[in-house]
Amino acid sequence: MSDTEIEIAVDDPTAPEADSPAVTSNRTVEVIVLLLLLALAVTLGYDNFRTGIGWDSTGPQAGYFPFYLSVILAAASLYGLAAAFFSRKETSKVFVTRAQARRVMAVFVPTFLFCLATQFLGLYVASFLLIAAFMRLVGKIALWKSLLTAFVFTAAMFVTFDIAFDVIMPKGPLEAAFGY
């Protein structure tokens, strides 16, 4: 056996369990997304109908093309809903298991909180907190390394955007205290 044929397999200790119970099926997620798209199409269609979907002396009114695009979106959503209800093969497929959903939420929730924190603390403080928390809690990296990396990255981001390129970024009370 040559060295190129040797395969090294390493188990991922953080991989989700294979026997984790299902949270939802493909069909359920598909129906929910199609209903949301249908609601969006109805909302856009109504708003563009209100704006005007006809022709006037200068050509099509403002809502003409968007209205018909929303009609196409609604028709596609209805077709997808009918196909989902009449299809039997999608019922048993698992969309996400509990362990997979937990891993997704471990990223989604802090990112959502980062977006909220940016509104009150500014981009740089929120970025510092997000990076430090991810490195420490998700990556299990030493606290001093997490804080140092978060500080260096946030400082580099501040120098790049605010000083070098003079880009307006969301600021918070800390930046205001330093006059930015």
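The legends below walk through several close-up views of one predicted model.

This is a predicted model in which local features need pLDDT of at least 70 and side-chain atom pairs count only at pLDDT 80 or more, while totals for chains, interfaces and linings use all residues. Residues are numbered from 1 along each chain as its sequence is written, and side-chain values use heavy atoms, with hydrogens and water left out.

**View 1. The whole chain, as a starting point.**
The protein chain holds six helices and four strands. Helices (H or I, at least four residues) and strands (E, at least two) are DSSP runs, numbered from the N terminus. Read from that end, the elements follow the order β-α-β-β-α-β-α-α-α-α. Of the 180 residues in the protein chain, 26% are buried; here buried means under 20% relative accessible area, exposed means over 50%, and partly exposed is in between (1.4 Å probe, protein chains only). The accessible surface comes to about 13,000 Å², and 71% of it belongs to carbon and sulfur atoms. Such areas come from the Shrake-Rupley method with a 1.4 Å probe, and for residues only the protein chains shown count as cover. Contact means heavy atoms within 4.5 Å. Among contacts between residues at least 6 apart in sequence, 63% join residues at least 24 apart.

Helix α1 covers residues 26–51, which is 26 residues. From first C-alpha to last, α1 reaches 37 Å, close to the 38 Å expected at 1.5 Å a residue; the expected span is 1.5 Å times one less than the number of residues. Look along α1 for the buried residues R27, V31, L34, L38, A41, G45 and N48. The buried residues of α1 pack against β1 (22–25) and α2 (64–86). Just after the helix comes G52, with a positive phi of about 130°.

**View 2. Helix α3 and its bend.**
Helix α3 runs over residues 98–121 and has 24 residues. Its reach from first C-alpha to last is 33 Å, close to the 34 Å expected at 1.5 Å a residue. At M105, α3 bends by about 30°, where the bend is the angle between axes fitted to the seven residues ending there and the seven starting there. A99, F114 and T118 are buried in this helix, and what covers the buried residues of α3 includes β4 (94–97) and α4 (123–138).

**View 3. Aromatic rings in pairs.**
The structure holds seven aromatic pairs. Rings of Phe, Tyr and Trp (its six-membered ring) pair if their centres lie within 6.5 Å; planes under 30 degrees apart count as stacked, over 60 as edge-to-face and the rest as tilted. W55 and Y64 are an edge-to-face pair because their planes stand at 65°, with ring centres 5.4 Å apart. W55 counts as exposed, at 57% relative accessibility. The rings of F108 and F112 are stacked, because their planes are at 20°, with centres 6.1 Å apart. Both residues lie in helix α3, four residues apart, about one turn of the helix. F108 is partly exposed at 48%, and F112 is partly exposed at 44%. Ring pairs also link F49, W55, Y64, F65, F67 and Y68 into a cluster.

**View 4. Two nonpolar cores.**
A nonpolar core is a set of buried Ala, Val, Leu, Ile, Met, Phe, Trp, Tyr and Cys residues joined through side-chain atoms within 4.5 Å. The largest has eight residues: F114, L123, Y124, A126, L130, M157, F158 and M169. Two elements, α4 and α5 (143–164), each give two or more residues to this core, and α4 gives the most, with four. Leaving aside neighbours within four places in sequence, A126 is in contact with F114, A117 and T118. A second, separate core has seven residues, among them V31, L34, L38 and A74.

**View 5. Two loop residues with positive phi.**
K140 sits in the loop between α4 and α5. Although K140 is not a glycine, its phi is positive, at about 55°. K140 is also exposed, with a relative accessible area of 66%. In the loop between α5 and α6 (173–177) you will find D166. D166, another residue other than glycine, has a positive phi near 55°, and at 63% relative accessibility D166 counts as exposed.
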